[in-house]
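Work through the exercises below with the sequence and the structure in view. Each task is followed by a solution in steps.

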Amino acid sequence: MMVLLDVRNLTIHYMTERGVLRAVEDVSFQLEKGETMGLVGESGCGKTSIALAIMRTLPDNVCFSSGELLFDGEDILAIPAERYDQEIRWRKISMVFQGALNSFNPVLRIGFQVAEPLMQSRKISWDKARGEVARLFSMLGLPEETIWRYPHELSGGMKQRAMLAMALILRPKLVILDEPTSALDVSVQTQIMNLLKRLKRDMGLAMIFITHDITLASDICDRISVMYAGELVELGDADDVLTNPLHPYTRKLLAATPRLRGDRPPEYIPGSPPDLVNPPSGCRFHPRCPVMFDRCISVRPPMFSSGRVKVRCLLYG
Ligand SMILES: Nc1ncnc2c1ncn2[C@@H]1O[C@H](COP(=O)(O)OP(=O)(O)O)[C@@H](O)[C@H]1O
Ligand SMILES: [Mg+2]
């Protein structure tokens, strides 16, 4: 097994007006070279916070964080910020940020913006970088002349392809995609998903694919990690998790997805995700869980192994 990224006990708390918000609690997973892992869960469960921790771009109001992030065996949380900046970010690990479609600078040509990481890292001019950007654009299905366009001249799908180009321009080993299609129309979403599948196949990229939509994750992921309220609750091969979900939350999540169970109306998950300033005791899912029992209120379930799947639920202890 060639582990590329080893996340160990990652914990992230934010300071808010209401007190300490426990956004990510004791999250561990491994990603192998060339593998695609889906990070799935309802909005607010901590997916983006994990991604920002890996990119070392967490906001300033983080008041506590701990854990290790081993990338190629080295703890990238422990290295000096400057070295992370020069050696890791964009070069080895890059990210397509959530909701970033409109974050291009409106007055600069798209090609120039995509070339920026390249110009900076190789200390080369726009003239020299242009060819490489054009090649990457055509690989991503963007007409070459798009490099001369301004952001407002591009459709959403084209802008997302350009964002992807920026993430890939330095040929990283790992790309984090945070809800990369959620702002797009369904047909454009399909095009981007097909493009991602092709990139995965042709470039041997490892990807962390973040989505609230478990069906979308099933389309591209080798493995799936399900998060609930800041915790990882189930982790396994995509086939296992999708065909035989173990955690009551994963079951609810799948039942709430219309496309997999076409003959039945989607169920709705009763209740709402908990307030992470005052998370429930014991298992964080217990207030919404259809099969909870007494101990779930007081005991935080550890990760149990069930076959090849890991699951944080006392039913499997
Ligand atoms: N800068 C911040 N300050 C305070 N709370 C935050 C901040 N960023 C995110 N949160 C909170 O942390 C939790 C996890 O957020 P996030 O990581 O964005 O989840 P997701 O990507 O799954 O929607 C949420 O409760 C969110 O409101
Ligand atoms: Mg998010």
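This is a predicted model: local features need pLDDT of at least 70, side-chain atom pairs count only at pLDDT 80 or more; totals for chains, interfaces and linings use all residues.

**Exercise 1. Give the strand order of the open sheet and find which strands stand at the edges.**

Step 1. Eight strands make up the open sheet, and their order is β6-β7-β8-β3-β9-β10-β12-β11. The pairing is mixed.

Step 2. β6 (93-96) and β11 (304-306) each have a single partner strand, so one side of each is left without a neighbour in the sheet. These two are the edge strands.

Step 3. From one strand to the next, the twist averages 20°.

**Exercise 2. Describe how β9 and β10 pair, and name the helix that packs on them.**

Step 1. β9 (residues 223-228) and β10 (residues 231-237) are antiparallel and share six bridges. Within this pair, Val226 is opposite Glu234 of β10.

Step 2. Helix α9 (residues 248-255) packs on the sheet and touches both β9 and β10. The direction of α9 makes about 105° with that of β9.

**Exercise 3. State the domain bounds and characterise the contact between the domains.**

Step 1. The domain assignment gives domain 1 as 3-92 + 172-316 and domain 2 as 104-171. Their centres, taken over C-alpha atoms, are separated by 29 Å.

Step 2. In the contact, 11 residues of domain 1 meet 11 residues of domain 2. Helix α6 (residues 186-203) supplies four residues, the largest share of the domain 1 side.

Step 3. That side of domain 1 has nine nonpolar residues, one polar and one charged.

**Exercise 4. Which residues come nearest to ligand 1, and which elements supply its shell?**

Step 1. There are 15 residues around ligand 1; Tyr14, Ala23, Lys47, Thr48 and Ser49 come nearest.

Step 2. At least two shell residues come from each of β1 (3-16), β2 (19-32) and α1 (47-55). The largest share, three residues, belongs to α1.

Step 3. By class, the shell holds six nonpolar, eight polar and one charged.

Note on methods:
Residues are numbered from 1 along each chain as its sequence is written. Chains are lettered from A and ligands numbered from 1 in the order in which they are written. A residue is near a molecule or strand if its C-beta atom, placed from the backbone, lies within 6 Å of it. Ala, Val, Leu, Ile, Met, Phe, Trp, Tyr, Cys and Pro count as nonpolar, Asp, Glu, Lys and Arg as charged, and the others, Gly among them, as polar. Two strands pair if DSSP finds at least two bridges between them. Axes are lines fitted to C-alpha atoms, for helices over the stretch in contact, and angles run from 0 to 180 degrees between N-to-C directions. Two residues are in contact if their C-beta atoms, placed from the backbone, lie within 7 Å. Domain bounds come from an automatic or database domain assignment.
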